[in-house]
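This briefing goes through the fold, the domains and the chain contacts of one structure. Please keep the sequence and the 3D view open while reading.

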2 protein chains.
Amino acid sequence: MSGLGNGRRVIGMRCRECGTEYPVQATHVCEMCFGPLDVVYDYDAIRKRISHRSIAAGPPSMWRYRDLLPLEDEVPVVTLGEGFTPLIHAERLGAELGLRNLYLKNDSMNPTNSFKDRVVSVAVSWARAHGFETIGCASTGNLANAVAAYSARAGLEAFVFIPSDLEPGKVVSTSVFEPNLIAVRGNYDQVNRLCSQLVETYPWAFCNINVRPFYAEGSKTLDFETAEQLGWRLPDEIVIPIASGCQFVKHRRAVGEMVDLGLVEAGSRLPALTGAQALGCAPVYNAWKEGTETVLPVKPNTIAKSIAIGSPSDGSYVIRIARETGGVVEAVTEEEIIDSIRLLARTEGIFTETAGGVTIGVLAKLARAGRWKGDEVVVAYVTGHGLKTADAVAAAPSPGRRFEIEPTLKSFKESVNI
Amino acid sequence: MSGLGNGRRVIGMRCRECGTEYPVQATHVCEMCFGPLDVVYDYDAIRKRISHRSIAAGPPSMWRYRDLLPLEDEVPVVTLGEGFTPLIHAERLGAELGLRNLYLKNDSMNPTNSFKDRVVSVAVSWARAHGFETIGCASTGNLANAVAAYSARAGLEAFVFIPSDLEPGKVVSTSVFEPNLIAVRGNYDQVNRLCSQLVETYPWAFCNINVRPFYAEGSKTLDFETAEQLGWRLPDEIVIPIASGCQFVKHRRAVGEMVDLGLVEAGSRLPALTGAQALGCAPVYNAWKEGTETVLPVKPNTIAKSIAIGSPSDGSYVIRIARETGGVVEAVTEEEIIDSIRLLARTEGIFTETAGGVTIGVLAKLARAGRWKGDEVVVAYVTGHGLKTADAVAAAPSPGRRFEIEPTLKSFKESVNI
């Protein structure tokens, strides 16, 4: 195997289906079988250099795990301090759900307030290092935010494609970075299809298309951080929102890498990886329920727009991995999404977007159905910020008490009555 | 001096004006002269235990500087992972402003997306440890967010007082945590006055009133982090937004503590501390311009609501400290605020609220007026997130290109013309 990675950390790419190998390049599909391509690392070389100590000596960002990311040491990265987000021991939410060791990975505390900063930091860094001058993406919103911000930071041009009905909060927090913003009259799957055509025509790095194998690797840092923050232990189960399924696949890779490289105790049991969808866009859940790996496309209709992908490219891998690790795929209603956003806010002081409501909704549903005994270490990935989808909770008034008064003690006492 | 702090890190409180000493208690005003009270530490004891190594061994949050915060070791803190936010080397913004060593402290990457999480984490922790069951605050928005979130996290009741015309983004991201939300028909100064009366009647911990001396100490962590992130060096100048002036005073204290405790090189020159205000609410700037320490109240009229305090309690201290350290106080127009939000977003990929526009606006104004030669290490504190005041930039359309198209290659090519 050859390519840019000669004698380096990254030694090439390999088809996940048929195993055909390729040199490092901006492509994501196998020419032989159309299977997805993954980055291939020289794990023997990595094993010699990586350790808890080498990681702790790195920056307080996801780049402390650079040895397991597809950027060679000499490549300057485009960073805004993404990752190394807090892992919160959720005692109050845990008490409501009967879980004594519940943890929340709060990925809304990223530079553009979602998980997407991890993958985009890798993708934009990789693209710039490989001569690309324009970054593109098809997005349900969070990716648009991140691509616009990181392109601005890098001084690169950006073309961001979004469904034209996207939430206002996500549009303004994208357009402020002054990308070329293309609002497409269609759903995400149509936007994505258009971008798959554009990538053939323009010499652009589309984060989640031709640069996807590198981009996707950034997802692994969520698991590395979780394990490090648990004292280099793997949790028993992780609840993960499912959109394309891309990050789910990489979480499986990440936990495997930690075992293989000795970053966690030899023989550690892999965490059960559990997927969360909104019933309004649940193609993976539908297939799981049917007991098949064949994921049939659906037309999304949910407030959880950031994960509303009706035709998830990695859907069948999600099902295989959930089964392999002892996880499940579960889904929740629109009402459960909103209730769960409120539940999380009320108990733990974290305001998540609708996708986070899906994750917490599935967590709560499984807990109430008796999935856990109570001492299991369960982690939920809270992947985006509530301000991005504020309308979801603004529409339904909060049950908290709200009073409007004059600026006097008398008015306060009369109105509030305490 | 006695009190709760016997033989401990905190040994009491002292009036900033007349020096009268008090035991540790929930009060903020001197009974003798009405001067503000500050926490008094046992620096000899702290000097023996604090070091770069002890700090680095702490958590990746502001609590790594706990030795210089008013919470004894055995007190459990209420934390959401606040602080230790990125310090970004702003090469592209620096190039526009002729500054090669410009850094941005991005405090919008806090749990509720503003600097206030630092002070509230300290205040709520202190209040809970001292038996309070209800947390209160008068707020221009960011403090409301933080108090509601941290009270939820701690399981304490919250009473949050806001001006009734607050931005919708700040209202929804407060009410989701289900505090008692009191919208007061008046400006911040009226809200604050009402709360000063309430604190006499109810046994509540008002973060920025009776608990203020402890609360305010949290501000220091911004400076500790900045110095640590610069390799334990003090910058040449720091640009800081001015509301009440409370954090400005604590920044002076923090840089002094670092010199006195040997955390930075002995004899290090203190950074020039420079204050930023909106011309629409510029009482401190007005006094500075007049060459007086007498700060006259104004009626706020600015989009930078989070710093729109017309009667700033610590205003005259700001003027003294700016003069002592070689800083200045400067102010910008509403148009400059919006332009600066866009400038920061376009060059560095950071989306800040209107208060951040004030800070960057003042930075840019001073740079363009020739304040710096180019090699100085200048740090700007970006204290809150753009999504909280999204209307400010949503109203004025972004100069970036926006297109609406059908989901076809043909429509893209016809519309975008590249």
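Cys137(A) stands opposite Val160(A), a residue of β7(A). The two strands concerned, β6 (residues 134-138) and β7 of chain A, run parallel and are joined by five bridges. This is a predicted model, and it scores ipTM 0.95 and pTM 0.96.

**Buried elements of chain A**

- Strand β7 (residues 157-163) of chain A has six of its seven residues buried, so the rest of the structure largely encloses it.
- Helix α9 (residues 220-229) of chain A is also largely enclosed by the rest of the structure, because ten of its ten residues are buried.
- The buried residues of α9(A) include charged side chains by name: Lys220(A), Asp223(A), Glu225(A) and Glu228(A) are among them.
- Leu222(A), Phe224(A) and Ala227(A) are also among the buried residues of α9(A).
- After α9(A) comes Gly231(A), which has a positive phi near 80 degrees.

**The six-stranded sheet of chain A**

- Six strands of chain A form an open sheet with mixed pairing, in the order β4-β5-β13-β10-β11-β12.
- At the edges of this sheet are β4 (87-89) and β12 (329-332) of chain A, each of which pairs on one side only.
- With direction ignored, neighbouring strands of the sheet are turned by 25 degrees against each other on average.
- Within the sheet, β10 (residues 237-241) and β11 (residues 272-278) of chain A pair in the parallel sense, over five bridges.
- One residue pair between these strands is Ile238(A) and Leu273(A), the latter in β11(A), which stand opposite each other.
- Helix α14 (residues 354-368) of chain A packs on the sheet and touches β10, β11, β12 and β13 (377-382) of chain A.
- The direction of α14(A) makes about 110 degrees with that of β12(A).

**The three-stranded sheet of chain A**

- Another open sheet of chain A has three strands in the order β2-β1-β3, and its pairing is antiparallel.
- Its edge strands are β2 (21-22) and β3 (37-41) of chain A, and each pairs on one side only.
- β1 (residues 10-15) of chain A runs antiparallel to β3(A), with five bridges between them.
- Cys15(A) has Leu37(A) as its bridge partner in β3(A).

**Domains of chain A**

- Chain A is divided into domain 1 (10-75 + 116-215) and domain 2 (87-113 + 219-395).
- The centres of domain 1 and domain 2 of chain A, taken over C-alpha atoms, are separated by 22 Å.
- Between the two domains of chain A, 25 residues of domain 1 are in contact with 26 residues of domain 2.
- On the side of domain 1 of chain A that touches domain 2, at least two residues each come from α1 (43-49), α2 (52-56), α4 (116-129), α5 (142-154), α6 (168-175) and α7 (188-201) of chain A.
- Of these helices, α5(A) gives the largest share of that side, with four residues.
- By residue type, that side of domain 1 of chain A divides into twelve nonpolar, seven polar and six charged residues.

**Contacts between chains A and B**

- Chain B has 62 residues in contact with 62 residues of chain A.
- Several elements of chain B each supply at least two residues of the side that touches chain A, including α5 (142-154), β8 (180-184), α13 (334-348) and β14 (402-405).
- α7(B) gives the most to this side of chain B, with six residues.
- The residues of the side of chain B that touches chain A comprise 33 nonpolar, 17 polar and twelve charged.
- A strand pairing also links the chains: β8 (residues 180-184) of chain A pairs with β14(B) in the parallel sense, over four bridges.
- In this pairing, Val184(A) has Ile405(B) of β14(B) as its bridge partner.

**An exposed lysine in chain A**

- Lys299(A) lies in the loop between α11 (283-290) and α12 (315-325) of chain A.
- Lys299(A) counts as exposed because 12 C-beta neighbours lie inside 10 Å, and the cut-off for exposed is 12 or fewer.
- Lys299(A) and Lys410(A) are 111 residues apart along the chain, and their C-alpha atoms are separated by 55 Å.

**Confidence**

- Chain A averages a pLDDT of 95, and 97% of its residues score at least 70.
- Over residues 1-6 of chain A, pLDDT stays under 50, and the model has 13 contacts beyond four places in sequence for this stretch.

Conventions:
Residues numbered from 1 in each chain as written. Chains lettered and ligands numbered in written order. Contact = placed C-beta atoms within 7 Å. Pairing = 2+ DSSP bridges. pLDDT = per-residue confidence, 0-100. Axes fitted to C-alpha atoms, helices over the stretch in contact; angles between N-to-C directions. Domains from an automatic or database assignment. Buried ≥ 20, exposed ≤ 12 C-beta atoms within 10 Å, placed from the backbone.
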